[in-house]
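Hello,

Here is the structure I promised to pass on. Please have a look, then read my notes below.

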Amino acid sequence: MKTAAGVVAVLMLAAAGDSRAHGIHETVPGTKAEPEFHLIPRAHAAITMRIEEREGFRVFEADGMPDHPTGSFPNSGNPNRMSAQRYRMRVPLKPQVAPQVTPLPRGLFGIALNGVMFDPSTAEFWNNDPRSGWNYDALSGRINLGIDRNNAHVQPTGAYHYHGIPTGLIARLAQPGRPVMIGYSADGFPMYGPQGYRMAADPASPLVDLRSSYRLREGSRPGGFSGPGGHFDGSYNEDYEFVEGHGDLDRCNGRNGVTPEYPAGTYYYVVTATFPFVPRCFAGTPDASFRQGPVHTGGGPPGGGPRPPGPPGHAPFGPPGR
């Protein structure tokens with residue numbers, strides 16, 4: 001097996017110790033959830049992650065078990081128990097930026113270097129109606145999904161997955177003065193977060209927290225039968241709008257620049273501290289191995305039904321829209 005971009009080809013990691021869980025008190029929509037911290041024992045587990053280069057692809061085989069302390073699962077907002085998975089994903093070794101972006105169809109965006117998936121979507125919608133077009137954001141604090149301090153929780157399948165910055169993973173990988181590579185997206189481009197060089201092409205420039213170019217919309221949402229009403233406050237994904245140049249990153253929360261693993265430069269994604277947290281679209285063409293069926297978070301109210309298909313004209317993980 002070979003390595004690429006400074007990534008270890010085979011990782012066999014052991015987990016042990018204590019951590020603090022980040023549970024959330026039960027809330028009703030429209031009120032902020034207050035974090036509840038408590039000590040929990042961390043489970044002992046053997047974590048397996050293999051990365052190989054094979055026939056033009058980077059191939060991942062993983063059990064999806066985190067290599068850092070996690071919250072307690074099940075918890076008050078998440079009834080699911082974490083369990084090992086059987087992931088086998090692949091991404092192109094030489095990804096290419098496509099003519100147009102491909103929206104993320106409510107599924108897996110990428111895989112972390114420890115084998116945990118990045119899955120930013122939720123199955124919770126206003127009025128329990130996926131057709132409403134108002135999808136609760138997992139990190140808004142408006143609903144209790146049992147998110148832990150790693151911005152992660154567990155699916156009914158037992159799959160632990162990240163909705164935002166994987167703080168425990170970054171703590172393990174961080175080195176002074178270097179952006180932290182945390183994984184690969186489904187289209188093959190690397191993922192970093194939350195910091196990068198102030199000047200994208202200058203590795204001698206200082207590290208800064210890179211800023212998303214999304215902001216809250218002005219005004220109020222439609223009310224009545226048309227929407228939840230109230231001010232745009234970040235409760236829903238649709239509360240945000242992309243504004244070119246508002247931050248450091250593009251619509252897919254990425255940019256071109258140099259990194260320690262790619263000194264000649266590459267396009268890369270950034271997992272940020274603000275919306276969209278994990279990117280919600282692809283600059284390249286995602287591999288079909290990241291497809292998945294309807295996913296339910298198993299969180300508290302207001303739980304939604306089956307996930308709707310992606311936007312018209314964009315088949316899940318199909319070619320970029322023309």
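**The sheet and its strands**

Strands E11 and E17 run parallel and are joined by two bridges. Keep in mind that this is a predicted model. Within that pair, methionine 191 stands opposite tyrosine 269 of E17.

Both strands belong to an open sheet of eight. The order is E8-E9-E7-E6-E10-E11-E17-E16, with mixed pairing. In general, strands of a sheet pair through backbone hydrogen bonds, either parallel or antiparallel. Which strands stand at the edges? They are E8 and E16 (254–257). Each has a single partner strand, so one side of each is left without a neighbour in the sheet.

**Tyrosine 268**

Tyrosine 268 is found in strand E17, residues 266–270. Is tyrosine 268 buried or exposed? Its relative accessible area is 2%, and the cut-off for buried is under 20%. Tyrosine 268 is therefore buried.

Its contacts beyond four places in sequence include Pro190, Tyr192 and Leu210. Tyrosine 268 also touches Asn253, Gly254, Arg255, Asn256, Gly257 and Thr259. One of these partners deserves a separate mention: the side chains of arginine 255 and tyrosine 268 are joined by a polar contact of 2.6 Å. Cysteine 252 is 16 residues from tyrosine 268 along the chain. Their C-alpha atoms are separated by 9.7 Å.

**Backbone points to check**

Most residues other than glycine have a negative phi, and most peptide bonds are trans. The following sites depart from that.

Two cis peptide bonds come first:

- Phenylalanine 73 and proline 74 are joined by a cis peptide bond, with omega about 5 degrees. Proline 74 lies in the loop between strand E3 (57–62) and strand E4 (87–92).
- Glycine 193 and proline 194 are also joined by a cis peptide bond, with omega about -10 degrees. Proline 194 lies in the loop between strand E11 (190–192) and strand E12 (195–197).

Then there are positive phi values:

- Asparagine 127 has a phi of about 60 degrees, although it is not a glycine. The residue sits in the loop between strand E7 (117–118) and strand E8 (152–154). Its relative accessibility is 59%, so asparagine 127 counts as exposed.
- Asparagine 151 has a positive phi near 60 degrees, and is likewise a residue other than glycine. Asparagine 151 is in the loop between E7 and E8.

Over to you.

Best wishes

Note on methods. Residues are numbered from 1 along each chain as its sequence is written. This is a predicted model: local features need pLDDT of at least 70, side-chain atom pairs count only at pLDDT 80 or more; totals for chains, interfaces and linings use all residues. Side-chain values use heavy atoms; hydrogens and water are left out. Helices (H or I, at least four residues) and strands (E, at least two) are DSSP runs, numbered from the N terminus. Buried means under 20% relative accessible area, exposed over 50%, partly exposed in between (1.4 Å probe, protein chains only). Contact means heavy atoms within 4.5 Å. A polar contact is a pair of N or O atoms within 3.5 Å; within protein, one must be able to donate a hydrogen and the other to accept it, and residues adjacent in sequence count only if both atoms are side-chain atoms. Two strands pair if DSSP finds at least two bridges between them.
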